Amino acid sequence: MNHETLRPGPTFALDTESQVEATIASLKHHIEEVRRSEIKHARGRLGDLNCTQENAIESLSRGIIDQILNTPIAVLKASCGSSHFLAAIAMVHRIFNLGEGFRRNRLI
């Protein structure tokens, strides 16, 4: 028996990777919007900030976001080689309320 016929073809792998990458991009975009909105809200309460303070707020908020996104992105990337990648994508969409990008086990 030829084992090559049992493996998914390169098109499946590329499709899987592109769906995972699209989900990661959507997740990063969503979280960045939240970060910007919250910084804008906080600036209203903080008053005038100097350049050093502005940079500290940007650095702090980006560091927090990077830490939060580290695990979901790692899980999504690890799912590329498995048959559970759709479940991983669906879970991230559900947890982070990414909305329209995922419907009934396929990306649209």
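Is R43 buried, partly exposed or exposed? R43 counts as partly exposed, at 30% relative accessibility (buried is under 20% relative accessible area, exposed over 50%, partly exposed in between, with a 1.4 Å probe and protein chains only). This is a predicted model, where local features need pLDDT of at least 70 and side-chain atom pairs count only at pLDDT 80 or more, while totals for chains, interfaces and linings use all residues. Residues are numbered from 1 along each chain as its sequence is written, and side-chain values use heavy atoms, leaving out hydrogens and water.

**Salt bridges**
- The structure holds 7 salt bridges (a side-chain nitrogen of Lys or Arg within 4 Å of a carboxyl oxygen of Asp or Glu).
- R43 pairs with E54, their closest N and O atoms being 2.6 Å apart.
- Because E54 lies in helix 2 and R43 in helix 1, this pair ties together parts that are 11 residues apart in sequence (helices are DSSP runs of H or I, at least four residues, numbered from the N terminus).
- E32 bridges to R35 at 2.8 Å between the closest N and O atoms; E32 is buried at 17%, and R35 is buried at 5%.
- A network of salt bridges links E32, R35, R36, R43, E54, E58 and R62.

**Around T16**
- T16 lies in helix 1, residues 10-46, and is buried at 1% relative accessibility.
- Setting aside neighbours within four places in sequence, T16 is in contact with C80 and F85 (heavy atoms within 4.5 Å).

**Cysteines**
- C80 is partly exposed at 22%, whereas C51 is exposed at 56%.
- The count of disulfides is 0 (a pair of cysteine sulfur atoms within 2.5 Å).

Key: Helix = DSSP H or I, 4+ residues; strand = E, 2+ residues; numbered from the N terminus.
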